[in-house]
Amino acid sequence: MKKIAVILGTSRPESYTSKALDVVLDEFARHDKIHVDLIDPTHLSLLFPGQDGDNKDQEKIQEIVTKADGIVFSTPEYHGSMSSVAKLIIENLSYPSVLADKPVVMMGVAAGSIGAIKTLEQLRGTLSHIGAIVLPFPVSVPRVHKVFNKDGTCNDETIESLLRGLADRLLEYIDG
Ligand SMILES: Cc1cc2nc3c(=O)[nH]c(=O)nc-3n(C[C@H](O)[C@H](O)[C@H](O)COP(=O)(O)O)c2cc1C
């Protein structure tokens, strides 16, 4: 059984990032012997580094990532950057990071026509800095409000195929 940790980089209700991620999750569901853990910040209380409080959710996500064979990291583009929640998840994954040596595929969505290219480059820089193995060919979804309906259906066959390919690429890498 291969374990995949899928990170949703926003807690915005009904986010388009989660709609895009659902396609990736559906692709994993088509494969046998794959266990997926979704790290969804909507259901987590994550603290800033050094902040006092209950750190049980931090321990929970560290355990999920430590046990994972591969990671899907998704984020919306907020102000030309990864979301603050995405960065908070990274900061809660310890220093040195439990993401070190983990293969990671990245996905970003944006309202704008150039997509989340800048965001994904920043995310690649951060993940590489902490020692993750960032696989090539991240998926950037531009004009995401047109690509997905409110109910989450994808209107763009090319984007859907790219999102499914993200899951497949990670599994191929893990299988060697
Ligand atoms: C705080 C904030 C900042 C944003 N900044 C950008 C941006 O810089 N570029 C862009 O294309 N879209 C931007 N957007 C739009 C998001 O990319 C858009 O809402 C998209 O649906 C992805 O976010 P979601 O997963 O929260 O739905 C921003 C949205 C928010 C809430």
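Predicted model: local features only at pLDDT ≥ 70, side-chain atom pairs only at ≥ 80, totals over all residues.
Let's start with α1, which runs over residues 16–29. The helix has 14 residues and spans 20 Å from its first C-alpha to its last, close to the 20 Å expected at 1.5 Å a residue. Quite a few of its side chains are tucked away: Tyr-16, Thr-17, Lys-19, Ala-20, Leu-21, Val-23, Val-24, Glu-27 and Phe-28 are buried. And what do the buried residues of α1 pack against? Their partners are the strands β1 (2–8), β2 (34–39), β3 (70–78) and β5 (103–109), along with the helices α5 (144–147) and α6 (157–175).

Now follow Tyr-16 and Thr-17 over to the ligand. Both are among the residues that come nearest to the ligand, together with Arg-12, Tyr-78 and His-79, out of 15 residues around it. Tyr-16, one of the buried residues of α1, has a polar backbone atom 2.8 Å from a ligand oxygen. Gly-112 also puts a polar backbone atom 2.8 Å from an oxygen atom of the ligand. On the nitrogen side, a backbone N or O atom of His-79 sits 2.7 Å from a nitrogen atom of the ligand.

How much of the ligand's accessible area does the protein cover? On its own the ligand has 600 Å², and the protein covers 74% of that. The elements giving two or more residues to this shell are α1, β3 and α5, with β3 giving the most, at 3 residues.

Note on methods
Residues numbered from 1 in each chain as written. Heavy atoms only, no water. Helix = DSSP H or I, 4+ residues; strand = E, 2+ residues; numbered from the N terminus. Expected span 1.5 Å × (residues − 1). Buried < 20%, exposed > 50% of the residue type's maximum accessible area, 1.4 Å probe, protein only. Contact = heavy atoms within 4.5 Å. Near = heavy atom within 4 Å. Polar contact = N/O pair within 3.5 Å; in protein donor to acceptor, adjacent residues only side chain to side chain. Areas by Shrake-Rupley, 256 points an atom, 1.4 Å probe, with all protein chains shown as cover.
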